[in-house]
Amino acid sequence: MVVTTLTQHWKMLLQRIFRAVIMGPPGSGKGTVSGRIVKSFGLMHLSSGDLLRANIKDKTELGLLMKSCIDQGQLVPDDVISRLILTEMRNIDQSSWLLDGFPRTVSQAESLDNVCSVNTVINLDVPYQTIKQRLTSRWLHLPSGRVYNIDFNPPKIAGLDDVTGEPLIQRDDDTPETVTRRLKAYENQTRPVLEYYRSKGVLETFSGTETNKIWPHIQVVGKA
Ligand SMILES: Nc1nc2c(ncn2[C@@H]2O[C@H](COP(=O)(O)OP(=O)(O)O)[C@@H](O)[C@H]2O)c(=O)[nH]1
Ligand SMILES: Nc1ncnc2c1ncn2[C@@H]1O[C@H](COP(=O)(O)OP(=O)(O)O)[C@@H](O)[C@H]1O
């Protein structure tokens, strides 16, 4: 009953153009929660990681240049990712959207602000210990960005995507050593972005260790 009312509230909000960002350390559940938001509320989903991996798979010049950076657990340069995302955003500028994985530095957040303002920032606050366990058992359907986990949401048939039946992969940057480096990058470069959005009054933080417990609280964001 409560969820129905809140869902209606989101839908009312989405009748105007609604711009949201989802943040959180690697493995905090951004992709998983984005999938639920897209399914429930019909926002367009734009994931910087998915875009970069598509470029790597297609062996574009940008993909080839960025691969080693990503595999080493470093952030790619601000100007490269900002250009890539802002170009994609132009194609969906009349839609409500959810940005996942961008911005990851204050400089990226400023580039985004120069183009449009963000209505809400969903921050997933999940302990690092929980994250490390999750990432070594993450499986990905590369073309769609759908994520699975051996423990949490295994595919119906091991190694295959539920929707297309295509093979799943494990990410080259999901090794324990690279995850440690990515968490350091998050701490040093991305955490300041939370402060940036907090000071603008748009940050909504959700703490926990289980997506299924966090998700009902995210549905009420539209009420604020
Ligand atoms: N055990 C467990 N795994 C989860 C939970 N939520 C998401 N996952 C899995 O954790 C991994 C990381 O989640 P993902 O959404 O890809 O996180 P992102 O890196 O922030 O986009 C994936 O394999 C998910 O299937 C949860 O509550 N419990
Ligand atoms: N906004 C960004 N700025 C810089 N690098 C990025 C950005 N988004 C993605 N990347 C690069 O792509 C990698 C994978 O990103 P992503 O799929 O969002 O990771 P995760 O889902 O584990 O948080 C990052 O570790 C980083 O190297």
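This dialogue explains how to read selected features of a predicted model.

Colleague: Which conventions apply to the model?

Modeller: Residues are numbered from 1 along each chain as its sequence is written, while chains are lettered from A and ligands numbered from 1 in the order in which they are written. The model is predicted, so local features need pLDDT of at least 70, side-chain atom pairs count only at pLDDT 80 or more, and totals for chains, interfaces and linings use all residues; side-chain values use heavy atoms, with hydrogens and water left out.

Colleague: What does the UniProt annotation "binding site" cover?

Modeller: UniProt positions are given in the numbering used here, with feature names shortened, and annotations may be inferred rather than shown by experiment. In the unreviewed entry, "binding site" covers Ser48, Arg53, Gln74, Leu75, Val76, Gly101, Phe102, Pro103, Arg104, Gln108, Arg171 and Arg182. These positions are spread over 135 residues of sequence and also in space, up to 24.3 Å between C-alpha atoms.

Colleague: Is glutamine 108 buried or exposed?

Modeller: Buried means under 20% relative accessible area, exposed over 50%, and partly exposed in between (1.4 Å probe, protein chains only). Glutamine 108 has a relative accessible area of 3% and is therefore buried. Its place is in helix H6, residues 106-115; helices (H or I, at least four residues) and strands (E, at least two) are DSSP runs, numbered from the N terminus.

Colleague: Which residues are in contact with glutamine 108?

Modeller: Contact means heavy atoms within 4.5 Å. With neighbours within four places in sequence left aside, glutamine 108 is in contact with Asp78, Ile81, Ser82, Phe102 and Pro103. A polar contact is a pair of N or O atoms within 3.5 Å; within protein, one must be able to donate a hydrogen and the other to accept it, and residues adjacent in sequence count only if both atoms are side-chain atoms. One such pair, at 2.9 Å, joins the side chains of glutamine 108 and aspartate 78.

Colleague: Where is valine 76 found?

Modeller: Valine 76 is found in the loop between helix H4 (61-71) and helix H5 (78-90). Valine 76 counts as buried because its relative accessibility is 9%. Leaving aside neighbours within four places in sequence, valine 76 is in contact with Leu52, Met66, Cys69, Ile70 and Ile81.

Colleague: Where is the place of arginine 104?

Modeller: Arginine 104 belongs to the loop between strand S3 (97-100) and H6. Because its relative accessible area is 26%, arginine 104 is partly exposed. The side chain of arginine 104 reaches the backbone oxygen of glycine 101 at 3.0 Å. Not counting residues up to four places away in sequence, arginine 104 touches Lys30, Ser48, Leu75, Gln189, Thr190 and Val193.

Colleague: Which residues come nearest to ligand 1?

Modeller: A residue is near a molecule if one of its heavy atoms lies within 4 Å of it. There are 17 residues around ligand 1, of which Gly27, Thr32, Arg138, Tyr148 and Thr211 come nearest. Helix H2 (30-41) and strand S6 (146-149) each supply at least two residues of this shell. An oxygen atom of ligand 1 is 2.8 Å from a polar backbone atom of tyrosine 148.

Colleague: Which residues of helix H3 are buried?

Modeller: In helix H3 (residues 48-57), the buried residues are Ser48, Gly49, Leu51, Leu52, Arg53 and Asn55. Their cover includes strand S2 (44-47), H4, H5, S3 and strand S5 (138-141). Just after H3, lysine 59 takes a positive phi of about 55°.
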